[in-house]
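Have a look at the model first, then we'll go through it piece by piece.

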Amino acid sequence: MTPPELEVPLLRIDAVTKRFGGFVALDDVSVDIRPGERFGLIGPNGSGKTTLINCISGAMHAEVGTVVFRGEDITQLPAHIRTRRGIARSFQIPRPFKSMTVAENLMVALDFAAIGDDFVVAAQRRDTVMSILTQTGLAAKADLSTTGLSQVELRKMELARAMATHPKLLISDEAMAGLSSSEVDEVLDLLIKLASQGITIIMIEHIMQAVMRFSQRRQDHRDRRAGRGHGQPAGAGGLPWHLASPSMTLMRVTAP
Ligand SMILES: Nc1ncnc2c1ncn2[C@@H]1O[C@H](COP(=O)(O)OP(=O)(O)OP(=O)(O)O)[C@@H](O)[C@H]1O
Ligand SMILES: [Mg+2]
């Protein structure tokens, strides 16, 4: 077996900086995600976790630094092309098309990721969508309006929509926030199941118990400017520091 440090990363974030006007949301952030791993990203509110996802998925573009996916520099690619390359994300606040059924919401995602001849006939689309809804525990809700879904069902639908694009990398942005502990377990089980099918997953979460159970590797994403914590000195506690930027963003990676 190849030692983890020698594996070609599925995703390489290299020295990414993102500014909003004069405000630096991401400062020189670097991280590698290995193929097939379950990676947990934690950090206080406003530390830039969602911004990092946006720079990975193409919703935003990094001003400095590169994003490389499966060996290809995707830093300047638009979001829909990145989706077709195999990057999918769920949104922190579910944003379903409310006038559509659950199945129709997934069909939109299916078409978004389709390339040329990949556009499939209606019956096949329905089969694909139903198989994803079955996998995510939402089959019984397929033909219902999304307005009738509970919070946990909405979160699952967010993940199901991401799955409809057939991702190699799935990024889950706080899919468990505000859920009860049994609902957290449901979403966690679902993410672990998807990972067991070979999908690499980055999970962003504030619920530490969930992060600890899910992730094989974790990264602490902190913003020193806001005085929200300075982390520990490099190498403290025997933990390898992946990145300790001299300026604003601190990241620590703990090995499995
Ligand atoms: N489009 C934007 N325009 C201006 N500032 C932004 C924008 N998006 C994010 N920010 C700012 O960048 C910083 C990082 O925000 P981000 O949403 O990435 O944090 P986060 O770690 O995901 O926080 P949370 O845990 O609350 O979701 C925050 O100060 C936020 O206000
Ligand atoms: Mg966020």
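At what angle do α3 and α5 pack, and how far apart are their axes? The angle is about 35 degrees, and the axes sit 8 Å apart. Bear in mind that this is a predicted model. The rest is sorted by topic below.

**α3 against α5**
- Helix α3 passes α5 in a right-handed crossing.
- On the α3 side, the contact is made by V102, N105, L106 and A109, while α5 brings in M157, A160 and R161.
- Sorted by class, the residues of this contact of α3 with α5 come out as five nonpolar, one polar and one charged.

**α3 against α4**
- Helix α3 covers residues 102-113 and helix α4 covers residues 122-135; their axes come within 10 Å and cross at roughly 110 degrees.
- An angle from 65 to 115 degrees counts as roughly perpendicular, so α3 is roughly perpendicular to α4.
- This crossing of α3 past α4 is right-handed.
- From α3, V102, A103, L106, M107 and L110 do the touching, and they meet R125, T128, V129, I132 and L133 in α4.
- The class tally for α3 with α4 is eight nonpolar, one polar and one charged residues.
- V102 and L106 of α3 turn up in the contact with α4 and also in the contact with α5.

**α5 against α6**
- Helix α5 (residues 151-163) packs with helix α6 (residues 181-196) at an angle of about 15 degrees, and their axes are 10 Å apart.
- Since angles under 35 degrees count as roughly parallel, α5 is roughly parallel to α6.
- The crossing of α5 and α6 is right-handed.
- V152, R155, K156, L159 and M163 of α5 make the contact with E183, E186, V187, L190 and L194 of α6.
- By class, you get six nonpolar, no polar and four charged residues in the contact of α5 with α6.

**Around ligand 1**
- Which residues surround ligand 1? They are F20, A25, G43, N45, G46, S47, G48, K49, T50, T51 and Q92.
- Helix α1 (residues 49-57) supplies the largest share of this shell, with three residues.

Terms used. Residues numbered from 1 in each chain as written. Chains lettered and ligands numbered in written order. Predicted model: local features only at pLDDT ≥ 70, side-chain atom pairs only at ≥ 80, totals over all residues. Axes fitted to C-alpha atoms, helices over the stretch in contact; angles between N-to-C directions. Helix = DSSP H or I, 4+ residues; strand = E, 2+ residues; numbered from the N terminus. Parallel < 35°, antiparallel > 145°, perpendicular 65-115°, else oblique. Left-handed = near helix turned anticlockwise from the far one by under 90°. Contact = placed C-beta atoms within 7 Å. Nonpolar A, V, L, I, M, F, W, Y, C, P; charged D, E, K, R; others polar. Near = placed C-beta within 6 Å.
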